[in-house]
Amino acid sequence: MNKQKLDTRYMAMLAMLAGLMLVMGMTGIGFIPLPVIKATTMHIPVILGAVLLGPAAGAILGGVFGLISIWVNTTTPGLLAFAFSPFMTQEGLPGVFKSLWIALGCRIAFGLIAGYLWKLFKKLLKEDYIALPVTAALSTIIHTLLVMGSIYFLLAAQYAAAKNVGVSAVFGLVMGTVTASGIPEAIVAAILVTIIGKALLHFLAKTKK
């Protein structure tokens, strides 16, 4: 297949996944409100893009994820909106940079990591039915740890104030969120990425011939 056709297919798939994420963000499917934080399904198209198109596409889609997260947390703020929207910060300019890292930087890093994890596990595990769920689950857990870890290290005092607890209790609360939302998100990602990803990988393999 010539390079122009490959580039056209790459851009088309990237645009399709980005459009899907926009729909998920606007309809509320991508962010599920919980008492403290919004659980997400937006990571699934990011992982799929990283698997199908590579780490760079994963990073781009991670950036789309981050921008949608900023918009959602600005227009429908929850308890921790200040951590995900530079417009909701309570710390001035330092808070802007912190929220941009949490909402945008962590998501770009997550997409990039997902792409490289797929390359690694594809090589080590050989079978797509094994490599796909492992990549999806581990990428999702890394995403949760990146976001919640950044909140803990950058915004512990604000998190404590939002929850009306002492700063010493923040670590336990963060780990509780990692467990309560991160593990279910990882399971859902493992299932959906395996089913959808395997079908799309098969389709792409056929179109290359």
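Guide: A residue is called buried under 20% relative accessible area, exposed over 50%, and partly exposed in between (1.4 Å probe, protein chains only). This is a predicted model, where local features need pLDDT of at least 70, side-chain atom pairs count only at pLDDT 80 or more, and totals for chains, interfaces and linings use all residues. Residues are numbered from 1 along each chain as its sequence is written, and side-chain values use heavy atoms, leaving out hydrogens and water.

Let's look at D128, which is buried, with a relative accessible area of 10%. D128 forms a salt bridge (a side-chain nitrogen of Lys or Arg within 4 Å of a carboxyl oxygen of Asp or Glu) with K122, and their closest N and O atoms are 2.4 Å apart. K122 is partly exposed, at 33% relative accessibility.

D128 also meets the side chain of K198 in a salt bridge, at 3.2 Å from N to O. K198 lies in helix α7 (residues 170-208) and D128 in helix α6 (residues 128-163), so this pair ties together parts that are 70 residues apart in sequence. Helices here are DSSP runs of H or I, at least four residues long, numbered from the N terminus. K198 is partly exposed, with a relative accessible area of 24%. Put together, K122, D128 and K198 are linked in a network of salt bridges.

How many salt bridges does a search of the whole structure find? There are three, and one of them joins K98 to E91, with the closest N and O atoms 3.0 Å apart. E91 is partly exposed, with a relative accessible area of 27%.

How values were computed: Helix = DSSP H or I, 4+ residues; strand = E, 2+ residues; numbered from the N terminus.
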